[in-house]
Amino acid sequence: MPELPEVETTRLGLVPRVVGRCISDVVVREPRLRWPVPRGLAARLRGARIRAIHRRGKYLLFEFEAGHLLVHLGMSGSLTLVPPERPVRKHDHVDLVLDSGDIVRLNDARRFGAVLWVRDPARHPLLDGLGVEPFDDAFGGDYLHRVSRGRRAPVKQFVMDARVVTGIGNIYANEALFAARIHPSRASGRISRSRFDRLAGAVRATLTRALAAGGSTLRDFVGSDGQPGHFQLEYAVYGREGCPCPACGAPVRAGRHSGRSTFYCASCQH
DNA sequence: AGAACCACCTGGCAGC
DNA sequence: TGCTGCCAGGTGGTTC
């Protein structure tokens, strides 16, 4: 599920009703996420004020005076803001109970997500190796061109590499490569500067459109208000094997790159 | 350094 | 109806 647009949708939904509130309790029903949820979170956070919610790549960072609570949604996670009387459902693993009474609730069927305490995000191993943000000024065709020199891996793998650029997962890699008319198998080190300009623009345009649609919901993603996104209705190629390419009508083809499904138009993308 | 592959986990679906 | 096998939005770790 959650790539940059879904994580940012979650963040934007939480900010108005969460930032400035204090934590009154933390309830951990299932600590076995990707890494164990640290013990003693409730004792550490009770009474602490949430100063801001940041996003870095697909990570959310709840900022407190003493450090940050890092949340990752993995493949199937969602964070919703629910009233105190909302019944607990299956896979509701962690609650942040606010002094307003509202609860920030993490649901994650597959438990690939994470909740960790991070004292210094700038020096945390999960964060300090991350590449540029797609909407940062440092990101662009020039950057992609420079970083890709000498690399033989397919460009799809390259744009999904969080050490290069963050937030782009399988769906948006497929969609951005289609929009840029670049074949997903092309060796990243053999793509010209001007085509990388096109790709960088396509990445930003695709993410912007997805964000405007509240992200994508294929199965279980919901925003902080519990509502699904609807960008999946606008996919040009993802999950559309055999359907006509929206640009030329040729059937969309499917393949695989490093274990992930790839969709592309063989006549538009080179 | 870069690339290929596995691991983690549950749920949904196709096929029998 | 129910079983089996496969697939899924992510990413750290191991191996070559």
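Modeller: One term comes first: a residue is buried if 20 or more other C-beta atoms lie within 10 Å of its own, exposed if 12 or fewer, and partly exposed in between, with C-beta atoms placed from the backbone. Of the 270 residues of chain A, 41% count as buried. This is a predicted model, in which local features need pLDDT of at least 70, side-chain atom pairs count only at pLDDT 80 or more, and totals for chains, interfaces and linings use all residues. Residues are numbered from 1 along each chain as its sequence is written, while chains are lettered from A and ligands numbered from 1 in the order in which they are written.

Biologist: What pLDDT does chain A average?

Modeller: The average is 95, and 100% of the residues score at least 70; pLDDT is the predictor's confidence in each residue, from 0 to 100.

Biologist: How many helices and strands does chain A have?

Modeller: Chain A has six helices and 10 strands. These are DSSP runs numbered from the N terminus, with helices being H or I of at least four residues and strands E of at least two.

Biologist: Which domains does the assignment give?

Modeller: It gives domain 1 (4-123) and domain 2 (141-264), with bounds that come from an automatic or database domain assignment. Their C-alpha centres lie 28 Å apart. The contact between them takes 17 residues from domain 1 and 19 residues from domain 2, where two residues are in contact if their C-beta atoms, placed from the backbone, lie within 7 Å.

Biologist: Which element supplies the largest share of the domain 1 side?

Modeller: That is α1, with eight residues.

Biologist: Changing topic, which residues surround DNA strand B?

Modeller: They are Lys90, Ala109, Arg110, Arg111, Phe112, Arg151, Arg152, Ala153 and Ser258. A residue is near a strand if its C-beta atom, placed from the backbone, lies within 6 Å of it.

Biologist: And by class?

Modeller: The surface near DNA strand B has three nonpolar, one polar and five charged residues. Ala, Val, Leu, Ile, Met, Phe, Trp, Tyr, Cys and Pro count as nonpolar, Asp, Glu, Lys and Arg as charged, and the others, Gly among them, as polar.

Biologist: Where does His91 lie?

Modeller: His91 lies in the loop between β5 and β6 (92-98). Its phi is near 70°, a positive value in a residue other than glycine.

Biologist: Why does Arg181 count as partly exposed?

Modeller: Arg181 counts as partly exposed because it has 17 C-beta neighbours inside 10 Å.
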